[in-house]
Amino acid sequence: MTLTNKTYKLTCWIKASAGLNNINCAIFIQNSGQSNGNGQLMHNNAITQINQNWKLVEFEFTTPNQQNNVREWDRLTFNIGHFEGSIYIDNLSVKIGSEELIDNGDFEDGTTNNWATNGGATVEVVPEGYVAQ
């Protein structure tokens, strides 16, 4: 699938563990790199502050056209920085129109397939996350 020059809508629910307030979270799309291994970030991203209450994040973005030797836009990144505690994400959705691009965005199958971390962070599936009131 070609991911360039298309408009996407991201939605998710996010919160921090108890006692954490005003944690900055940047959400952006990037590619896995040029032929020389250097990845690129999109310049438009969502920046939100999270605390211990569930918060709905909605973000629309349009991927730029591909340039020579640049791979597709293929990574969804939540950059939260360094802190002690947990961040919870649930009901993650990325769509083009009505087409859903994220498999298991609600994590209900109990796995973290296709999800990765870096910088010493871990990914874990916990019992039911966000529940609509």
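These legends describe close-up views of a predicted model. Residues are numbered from 1 along each chain as its sequence is written, and side-chain values use heavy atoms, without hydrogens and water. In this predicted model, local features need pLDDT of at least 70 and side-chain atom pairs pLDDT 80 or more, while totals for chains, interfaces and linings use all residues.

View 1. Strands are DSSP runs (E, at least two residues), numbered from the N terminus. Two strands pair if DSSP finds at least two bridges between them.

**View 2. Strand 1 beside strand 6.** Strand 1 covers residues 7-16 and strand 6 covers residues 87-96. The two run antiparallel, joined by seven bridges. Thr11 has Ser93 of strand 6 as its bridge partner. Lys15 is partnered by Tyr88, also in strand 6.

**View 3. The hairpin of strands 6 and 7.** Two residues lie between these strands. In the turn, Gly97 has a positive phi of about 60°. Strand 7 spans residues 99-100 and pairs with strand 6 in the antiparallel sense over two bridges. Lys95 has its bridge partner, Glu100, in strand 7.

**View 4. Gln30 in strand 2.** Strand 2 runs over residues 23-31 and includes Gln30. Gln30 counts as buried because its relative accessibility is 14%; buried means under 20% relative accessible area (1.4 Å probe, protein chains only). Gln30 and Thr63 are 33 residues apart in sequence. Their C-alpha atoms are 9.4 Å apart in space.

Notes: Helix = DSSP H or I, 4+ residues; strand = E, 2+ residues; numbered from the N terminus. Buried < 20%, exposed > 50% of the residue type's maximum accessible area, 1.4 Å probe, protein only.
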